[in-house]
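Hi,

Here is the structure we talked about. Please open it alongside this note; what I found follows below.

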Amino acid sequence: MRTKDEIIQAIRNSDRNNKIYIHPVLTTEKAAKYIAAFSNENGGDIILGVHDDGQTLRVKNYSIPFQVEKALKLLNVNVNYIFEPFQLEGKKLGYISIEKSMELVKVNGTPYKIHPNGELAEMKTKTVFLSYCHADADLANIVEESLNKHDDISVSRDINITQYRDDLDEFMKTIRNHDYVVSIVTSKYLESLNCMYEITELMKDHNFNEKLLFIIVNKDDVKYYREENVYANFEADIYNFNKRLSYITYWNNRGKEMENGIKSAELPSEMIAEFALEKRKLVSIIPSTSSFMSLLQNKIGRSFNDIKKNDFKDILDVIKD
């Protein structure tokens, strides 16, 4: 936070870096939004009684008593600040110096940011769909916990569907409505009907390539599983040609088995409808499997351990860009 002398020097130097000059009046709500915006970025200063036309700063006056406490009541968390009146060139001025906050600061539930030109804007919360196989829930828990440390990121995960009779299939279709998808890629993930169905839904989006963030799990990541949850050959091994081919063969065989099973069961038409959804899922993902495998092959995936040791910074940098 800045001192009075630093603020006076900023005025004399026409310094607009992380500073807003206000004249004639600053409303309580506008003050709260500026405080939130500076708190959510790198801190900054609101200087009262100086007119800024974009080219020249003119010291005017700020004779109206400003009650910063009223603005602070509109915020969701406490912030660090200094509010001090002072005089310059015989005029009454004041300033509020705000420190960067470790928490996301909101005004009436909405976070704000500030553009370099001083314009306020609502800060958008980025939505992330966590795609994983339940066998790898230990890894998913770690990813979710890390992302949830950031108030400007909202994570969607299937186990958080808590309302009675919530439709899991409809939830999976919402994958395209999210800003990003984080996929935890293991052998069971690539052989999971629901996981591949989620990816198939995502691939319907024209810019799915930009949305998809993936973690390729390898054998060294075993330490992140609880002992009772470790299973054989969990690593995806997608850079191995024969392994990629085995996944594609697996889905082709699943399709044939389901088709043959339905035929051999000789079920009445009204009962076949019960299995129609699973069949539609399977039919939709078979042609997408090869495309998805090619995408994984052509991109350099990081292991779980490599990404976690930097507290998922690689993923966060993309989400927050």
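Start with asparagine 40, which counts as buried because its relative accessibility is 14%, under the 20% cut-off. The model is predicted, so please read everything here with that in mind. Asparagine 40 sits in helix α2, residues 28-40. Its side chain reaches the backbone oxygen of tyrosine 112 at 3.0 Å. Leaving out residues up to four places away in sequence, asparagine 40 touches Lys100, Glu103, Leu104, Val105, Pro111, Tyr112 and Met123.

Next, the sheet. Four strands make an open sheet, ordered β11-β10-β12-β13, with parallel pairing. β11 (153-156) and β13 (212-216) are the edge strands, each pairing on one side only. From one strand to the next, the twist averages 25 degrees. Strands β10 (residues 126-131) and β12 (residues 180-185) run parallel and are joined by four bridges. Leucine 130 has valine 182 in β12 as its bridge partner.

Two helices to look at on this sheet: helix α7 (residues 193-202) packs on it and touches β10, β12 and β13. The direction of α7 makes about 145 degrees with that of β10. Helix α13 (residues 313-320) also packs on the sheet, touching β10, β11, β12 and β13. The direction of α13 makes about 175 degrees with that of β13.

Now the cores. The largest nonpolar core has 27 residues. Val185, Tyr189, Leu190, Met196, Leu212, Phe292 and Leu296 touch the most other members. Two or more residues each come from β12, α6 (187-190), α7, β13, α9 (241-265) and α11 (276-298). Leucine 296 touches Val185, Leu190, Phe214, Ile216, Ile238 and Tyr239, again not counting residues up to four places away in sequence. Another core, of 26 residues, lies apart from the largest one. Its members include Leu26, Tyr34, Val107 and Leu120.

Last, α9. This helix has 25 residues and reaches 36 Å from its first C-alpha to its last, close to the 36 Å expected at 1.5 Å a residue. At its start, a side-chain oxygen of asparagine 240 comes to within 2.9 Å of the backbone nitrogen of asparagine 242. Which residues of α9 are buried? Arg244, Tyr247, Trp251 and Gly255 are. The buried residues of α9 pack against α6, α7 and α11. Glutamate 266 follows α9, and its phi is positive, near 50 degrees.

Best wishes

Conventions: Residues are numbered from 1 along each chain as its sequence is written. This is a predicted model: local features need pLDDT of at least 70, side-chain atom pairs count only at pLDDT 80 or more; totals for chains, interfaces and linings use all residues. Side-chain values use heavy atoms; hydrogens and water are left out. Two strands pair if DSSP finds at least two bridges between them. Axes are lines fitted to C-alpha atoms, for helices over the stretch in contact, and angles run from 0 to 180 degrees between N-to-C directions. Contact means heavy atoms within 4.5 Å. Buried means under 20% relative accessible area, exposed over 50%, partly exposed in between (1.4 Å probe, protein chains only). A polar contact is a pair of N or O atoms within 3.5 Å; within protein, one must be able to donate a hydrogen and the other to accept it, and residues adjacent in sequence count only if both atoms are side-chain atoms. A nonpolar core is a set of buried Ala, Val, Leu, Ile, Met, Phe, Trp, Tyr and Cys residues joined through side-chain atoms within 4.5 Å. The expected span of a helix is 1.5 Å times one less than its number of residues.
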